[in-house]
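Thanks for making time this morning. I would like to walk you through one structure slowly, going from a single residue out to a place where two chains meet, so please have a look at it first.

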Amino acid sequence: MQSSCAMQKEFMKKWMKSLKLYSTLKGRNTPIIERKSAIKLSADVAMASTRTSSTGWSRAVISTAWKKMDDAARMKVQTMSGQKVHSNTKLCRKILRKSHRIRIVTKKRVIKRSKAMKLVDSRIRVLKKLVPGGMEMVDEASLITEAMDYIASLRVQVDVMTSFASLFDF
Amino acid sequence: MSTRRASSRQAASASRVNEQQITDLLARLQQILPEIHSRCRRPSDKVSASRVLQETCSYIRSLQREVGDLSDRLSCLLTTNDVESDEAAVIRSLLMRD
């Protein structure tokens with residue numbers, strides 16, 4: 001795993017690049033709500049592009065951001081992340097079919113879940129909703145690994161954005 | 001008959017291996033979470049799996065909320081033309097800090 005300093009620098013560079021892109025595309029005098037979503041979107045894309053193709057959550061973040069962008073922005077993101085963004089629908093259908101098959105097999109054996117395990121199951125369901133791309137994961141172990149990586153990247157994002165914001169408070 | 005029992009024993013041991021893997025991952029996750037980590041001073045097995053998962057979910061939620069609040073603040077502070085001039089200053093300051 002990279003050191004957090006190196007990660008912060010990488011995130012910062014990518015975020016600045018995407019913010020610059022936004023300002024060249026949109027020009028001046030944009031309304032504040034649009035500015036906020038642009039800042040957040042570019043920060044999310046920068047965070048995900050530090051990890052692209054190695055983690056499922058980064059792919060999910062980029063594909064949701066993809067839908068919010070227009071074509072010029074999409075071109076730039078593609079070159080920045082260095083990878084083609086595939087449409088998610090084919091992948092989803094394949095995974096749905098596979099999980100459906102697995103469901104049918106396990107129905108034959110009724111596994112008794114204790115109260116504690118039911119609680120763990122409900123918590124895992126909540127975690128699936130929080131981690132981007134989590135709903136498509138069948139394996140618990142990979143969900144937890146993704147969550148750990150996502151938390152580390154979120155921390156980097158928050159640290160860089162905080163120090164950036166603190167530069168303006170004087 | 002015996003093959004069914006053997007296969008069920010195999011499946012049970014496979015699920016046991018999986019559970020061990022999951023407990024290891026949860027232990028690592030516990031190390032990352034700030035609240036549990038600072039409160040318990042690293043006991044080996046005291047925290048339950050559901051508690052770790054609950055703390056994870058609330059931690060992720062609070063981090064995401066912080067990102068939203070920060071981008072709110074930044075959208076007030078930045079105008080689109082400011083970004084280009086500030087970029088160099090910020091990167092320089094971050095690099096100098098390290």
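Let us begin with Thr55(A), which sits in the loop between helix 2 (32-49) and helix 3 (56-68) of chain A. Please keep in mind throughout that what we are looking at is a predicted model. Is Thr55(A) buried or exposed? Its relative accessibility is 10%, and because buried means under 20%, Thr55(A) counts as buried. If we set aside the residues up to four places away in sequence, Thr55(A) touches Glu146(A) and Asp149(A).

From there I would like to move to Ile144(A), whose place is in helix 7 of chain A, the helix that covers residues 140-166. Ile144(A) has a relative accessibility of 1%, and so it counts as buried as well. Which residues is Ile144(A) in contact with, once its neighbours within four places in sequence are left aside? They are Ile22(B), Leu25(B), Leu26(B) and Leu29(B), and the letter in each name tells you that they belong to chain B. Within its own chain, Ile144(A) lies 16 residues from Lys128(A) in sequence, and the two are 9.4 Å apart in space, taken from C-alpha to C-alpha.

Now to a pair of helices, one from each chain. The crossing of helix 6 of chain A past helix 3 of chain B is left-handed. On the chain A side the residues that meet the other helix include Leu119(A), Val120(A), Arg123(A) and Ile124(A), while on the chain B side they include Leu53(B), Cys57(B), Ile60(B) and Arg61(B).

Finally, let me step back to chain A as a whole. Chain A has seven helices and zero strands, and of its 170 residues 41% are buried. Among the contacts in chain A with a separation of 6 or more, 62% come from residues 24 or more positions apart. Chain A exposes about 10400 Å², and carbon and sulfur atoms supply 58% of that area.

How values were computed: Residues numbered from 1 in each chain as written. Chains lettered and ligands numbered in written order. Predicted model: local features only at pLDDT ≥ 70, side-chain atom pairs only at ≥ 80, totals over all residues. Heavy atoms only, no water. Helix = DSSP H or I, 4+ residues; strand = E, 2+ residues; numbered from the N terminus. Buried < 20%, exposed > 50% of the residue type's maximum accessible area, 1.4 Å probe, protein only. Contact = heavy atoms within 4.5 Å. Areas by Shrake-Rupley, 256 points an atom, 1.4 Å probe, with all protein chains shown as cover. Left-handed = near helix turned anticlockwise from the far one by under 90°.
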